[in-house]
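Dear colleague,

Please find the structure below, together with my notes on what was found in it. I would be grateful if you could read the two side by side.

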Amino acid sequence: MPAIALVITSGKGGVGKTTSTANIGTALSIMGKRVCVVDLDLGLRNLDIMIGLGNRIIYDIVDVVQGRATLHQALVKDTRFEDRLVLLPAAQDADKNVLTPAAVRNIVEALRSEFDYILIDCPAGIEQGFRNALAGADGAVVVTTPELSAMSDADRVIGLIEAHRMPISPRLIVNRVQPEMIAAGTSLSVPAIAHRLALPLLGFIVEDNAIITADNRGEPVVFDTNSKPGACFRNITERLINPQTPLLPVPTIKKSFWAKLFNRG
Amino acid sequence: MASATLKGKKDGYEIQLAASASFAENLSDLAALFKQVQTQQALLHEESAKFTIASGERLLDEDQKAAIQALLKPYPGFQIINFSAAVIPQTKVANLLATPHVPVAVGVIRSGQERRFDGDVLFIGAVHYGGVLRATGNIFCLGEVAGIVHAGYPNDAEAIAVGDFTGATQVHIADTMDIVDAHNTKLTAHSFAYVNDLHALDYADDIALKELRPRLYQKLEE
Ligand SMILES: Nc1ncnc2c1ncn2[C@@H]1O[C@H](COP(=O)(O)OP(=O)(O)O)[C@@H](O)[C@H]1O
Ligand SMILES: [Mg+2]
């Protein structure tokens with residue numbers, strides 16, 4: 001079966017697109033799938049660092065488009081997974097506008113036969129870079145955080161994705177979920193966010209410093225079988241492969257007996 | 001008497017029944033309330049009183065209305081002139097849907113999107129923050145509104161906008177507008193927006209539709 005190509009997008013920057021691409025890509029490889037992660041964030045590439053392949057880049061996607069390298073020369077293989085995980089890096093110094101939707105579509109088509117999944121890490125914004133990323137994909141995963149500003153940007157992006165009419169309908173990831181804030185009523189709950197954005201939920205990731213430590217080590221947090229965000233990403237990946245997989249229960253902080261007694265309703 | 005509250009109106013009384021209580025509770029509270037009104041009326045040497053029964057989100061059926069009427073037996077001067085509810089009966093919604101001149105639209109209007117309609121529209125869906133729902137005629141909205149609604153666009157001040165706009169950003173009718181904030185007490189989940197005599201955007205309770213826009217009311221009643 002040819003690969004399914006999914007774009008990971010959000011509108012707003014810094015909400016966890018790259019973290020999600022790196023972790024879902026890694027989890028898919030752990031589960032035996034062949035995955036190519038494509039970094040389209042030209043000029044701000046960091047998917048390579050998060051996956052831990054930063055030091056092995058020789059060519060990038062712009063080199064491929066401009067004919068300085070073949071597609072296969074640019075692919076960086078991750079030896080941790082018998083080459084099941086492969087990165088197509090972004091250019092760090094190229095002009096943002098050298099890529100076009102047609103060029104990205106051609107690259108994705110060329111990759112399809114060799115992989116099960118192609119994950120496209122989208123730059124922030126809704127301009128050229130976003131349109132390029134959308135052009136190559138069969139479906140989208142929209143990442144948001146519980147802040148209203150992030151949700152509003154996600155909503156804008158979802159509208160554009162729906163107008164684009166992709167074969168696979170978009171799904172939502174809520175990142176940086178803080179159960180204490182939900183319990184205190186200072187943050188919307190995960191189902192409430194999905195309801196507000198009127199999008200089916202793929203999954204959520206809790207706020208956790210293990211993600212930052214993992215980032216610094218170049219070892220995505222899914223490797224850590226004991227970490228909460230790792231469990232979240234594994235659940236998301238399982239639900240990506242099989243939509244029937246139940247959603248991980250959203251962690252709740254139960255109010256203590258005394259808190260309930262004095263603070264009813 | 002928690003589930004039945006009395007309000008003076010210029011042509012009588014309005015009694016609001018809390019839909020959160022059971023109908024049995026409504027009835028017993030109502031009986032107590034009628035008794036209290038009679039005591040008051042007696043002091044004023046007045047026998048007759050007119051009531052409107054507003055049942056909020058509970059739609060009373062004929063049996064329930066009869067049960068309420070039965071409470072009036074001891075008070076020959078009392079009369080119920082109207083029953084009203086803040087919900088639209090399914091049959092009326094079905095009628096609205098079947099009426100060709102109110103087109104139905106469904107969907108989600110997301111941030112950055114605008115949907116425009118010629119004439120009236122019954123919009124079933126959500127208007128998200130940053131989204132705009134615009135019609136040259138009336139807007140009837142069933143769903144959550146966090147964005148902007150604009151009825152009577154660009155200049156029909158007779159148009160109204162019906163729906164729960166308590167969470168909206170702005171409500172516009174013709175060339176008037178209101179920036180929705182929490183301080184407007186007239187704006188409730190059961191109010192509608194219209195342009196008042198002073199050509200300012202205003203809100204009124206659903207019950208006032210008959211008075212403020214009689215022709216539209218008739219059209220909807222059909
Ligand atoms: N659930 C989380 N808990 C803690 N830190 C997170 C979490 N998700 C992302 N981060 C941090 O937030 C920053 C931005 O994430 P990133 O994936 O680069 O966002 P984007 O690609 O959308 O710009 C990174 O430093 C990352 O480590
Ligand atoms: Mg990024």
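Domain bounds, as used here, come from an automatic or database domain assignment. For chain B, that assignment gives domain 1 (4-84) and domain 2 (90-221), and the C-alpha centres of these two domains of chain B lie 31 Å apart.

Some conventions come before the details. This is a predicted model, in which local features need pLDDT of at least 70 and side-chain atom pairs count only at pLDDT 80 or more, while totals for chains, interfaces and linings use all residues. Residues are numbered from 1 along each chain as its sequence is written, chains are lettered from A and ligands numbered from 1 in the order in which they are written, and side-chain values use heavy atoms, with hydrogens and water left out.

Helices (H or I, at least four residues) and strands (E, at least two) are DSSP runs, numbered from the N terminus, and two strands pair if DSSP finds at least two bridges between them. In chain B, four strands form an open sheet with mixed pairing, in the order E1-E2-E3-E4; its edge strands, E1 (4-9) and E4 (78-84) of chain B, each pair on one side only. Neighbouring strands of this sheet are turned by 25° against each other on average, direction ignored, where axes are lines fitted to C-alpha atoms (for helices over the stretch in contact) and angles run from 0 to 180 degrees between N-to-C directions.

Helix H1 (residues 23-43) of chain B packs on the sheet, touching E1, E2, E3 (49-54) and E4 of chain B (contact means heavy atoms within 4.5 Å), and the direction of H1 makes about 160° with that of E2(B). Helix H2 (residues 62-70) of chain B lies across E2, E3 and E4 of chain B and runs at about 155° to E4(B). Within the sheet, E1(B) and E2(B) (residues 12-17) pair in the antiparallel sense over six bridges, and Leu6(B) has Ile15(B) in E2(B) as its bridge partner.

Chain B also has an open sheet of six strands, again with mixed pairing, in the order E5-E7-E9-E11-E14-E15, and its edge strands are E5 (104-109) and E15 (201-205) of chain B. Here E9 (residues 139-142) and E11 (residues 161-162) of chain B pair in the parallel sense over two bridges, with Ile139(B) opposite Ala161(B) in E11(B). In the loop between E10 (148-151) and E11 of chain B lies Pro154(B), and the peptide bond from Tyr153(B) to Pro154(B) is cis, with omega near 5°.

In chain A, Glu82(A) has a positive phi of about 45° although it is not a glycine; Glu82(A) is in the loop between E3 (76-78) and E4 (85-88) of chain A.

Finally, the second largest pocket is lined by 33 residues, of which Gly13(A), Gly14(A), Val15(A), Lys17(A) and Thr18(A) lie nearest its centre. On a 1 Å grid over the protein atoms alone, a pocket is an open set of points where a 1.4 Å probe fits, with protein on both sides within 12 Å along at least five of seven lines, and lining residues have an atom within 4 Å of a point. The largest share of this lining, four residues, comes from H6(A).

Best regards
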